[in-house]
Amino acid sequence: MTEFKTTTPAARALALCDALPRVYPDAHCELTFSNPLELLVATILSAQCTDVQVNKVTPALFKKYRTARAYAEADPAQLEHDLRSIGLYRAKAKNIRAACRLLVDEHGGEVPKTMDALVKLPGVGRKTANVVLGNAFGQNVGVVVDTHVARLSARLGLTRQIDPKKIEPVLMKLIPQQHWTLFSHWLIFHGRRRCKAITPDCPNCEIKTLCPSHPKFMKLRERKKA
């Protein structure tokens with residue numbers, strides 16, 4: 001069994017920032033978009049829905065609604081129909097129309113580049129704003145904490161917090177700011193491809209020497225085999 005390298009959370013965080021980009025050099029936002037408005041809409045749609053499902057819907061959606069005004073003036077029933085394969089599509093359609101109305105009325109139809117302005121949009125919280133700022137505008141304002149980031153932050157011993165709102169400030173202290181956006185992508189890639197919720201692939205994990213949970217999961221595997 002590979003021996004875990006005991007470190008402090010701060011030292012481990014820096015080591016992860018060195019190791020993860022070598023494991024996932026192409027880590028990126030897996031929502032498909034070509035401009036800030038598309039990313040904003042896709043991120044609103046991704047709440048409690050997979051990126052894969054969102055990416056199935058957005059090509060036709062983005063072709064039909066090319067501007068904030070187009071969404072704002074869309075027929076409510078028609079927009080709901082266009083989003084019908086997305087979970088919570090009625091609420092999301094309402095939020096997208098309202099958010100885009102605010103974009104038209106207060107921002108010239110453009111997606112704002114500040115956290116304060118973004119979180120005032122209906123359907124947009126800090127997580128969505130972080131996604132847009134980090135991936136559409138290249139601003140490292142915060143750390144996106146989704147289910148993968150929350151799970152791996154605990155398994156990697158970076159925090160004992162379970163509330164995403166409390167996890168983010170911990171990670172912002174541990175991770176150098178220039179890595180905030182990418183750190184989320186690295187953990188999301190690792191969570192989807194290796195460190196899954198039910199059956200983490202510990203034997204083949206590329207960062208197992210940095211993971212305090214690795215010995216625990218390996219013991220569980222050995223017990224199941226016995």
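Read along the sequence, the protein follows the pattern α-α-α-α-α-α-α-α-α-α-α-α. The model is a predicted one, and it contains 12 helices and zero strands. Of its 226 residues, 45% count as buried.

**Overall dimensions and contacts**

- Taken along the principal axes, the box filled by the C-alpha atoms is roughly 60 × 35 × 30 Å.
- The accessible surface of the protein is about 11,900 Å², and carbon and sulfur atoms account for 53% of that surface.
- Where contacts link residues at least 6 apart in sequence, 61% of them join residues at least 24 apart.

**Helix α2**

- Nine of the 10 residues of α2 are buried, so this helix is largely enclosed by the rest of the structure.
- The buried positions in α2 are L37, E38, L39, L40, V41, A42, T43, I44 and L45.
- These buried residues of α2 pack against α3, α4, α6 (89–107) and α8 (126–136).
- The N-terminal end of α2 is capped by N35, which places a side-chain oxygen 3.1 Å from the backbone nitrogen of L37.

**Helix α3**

- Helix α3 spans residues 51–64, 14 residues in total, and its first and last C-alpha atoms lie 20 Å apart, close to the 20 Å expected at 1.5 Å a residue.
- At T58, helix α3 bends by about 40°, and the proline P59 follows within four residues.
- An α-helix has 3.6 residues a turn, so residues three or four places apart point the same way.

**V57 within α3**

- V57 lies in helix α3 and counts as buried because its relative accessible area is 9%, under the 20% cut-off.
- Apart from neighbours within four places in sequence, V57 is in contact with D82, L83, S85 and I86.
- V57 and W180 are separated by 123 residues in sequence and by 28 Å in space, C-alpha to C-alpha.

**Cysteines**

- The structure holds zero disulfides.
- C100 is in no disulfide, and the nearest cysteine sulfur, that of C29, is 17 Å away.
- C100 counts as buried because its relative accessibility is 2%.
- The closest cysteine sulfur to that of C205 belongs to C211, at a distance of 6.3 Å, which is too far for a bond; the cut-off for a disulfide is 2.5 Å.
- C205 is likewise buried, with a relative accessible area of 12%.

**R194 and its surroundings**

- R194 is placed in the loop between α11 and α12 (214–225).
- The side chain of R194 makes a polar contact of 2.7 Å with the side chain of D201.
- A polar contact of 2.7 Å also joins the side chain of R194 to that of E206.
- Not counting residues up to four places away in sequence, R194 touches Y24, F189, T199, P200, D201, N204, C205 and E206.

Key: Residues numbered from 1 in each chain as written. Predicted model: local features only at pLDDT ≥ 70, side-chain atom pairs only at ≥ 80, totals over all residues. Heavy atoms only, no water. Helix = DSSP H or I, 4+ residues; strand = E, 2+ residues; numbered from the N terminus. Expected span 1.5 Å × (residues − 1). Bend = angle between axes of the 7 residues up to and from the residue. Buried < 20%, exposed > 50% of the residue type's maximum accessible area, 1.4 Å probe, protein only. Contact = heavy atoms within 4.5 Å. Polar contact = N/O pair within 3.5 Å; in protein donor to acceptor, adjacent residues only side chain to side chain. Areas by Shrake-Rupley, 256 points an atom, 1.4 Å probe, with all protein chains shown as cover.
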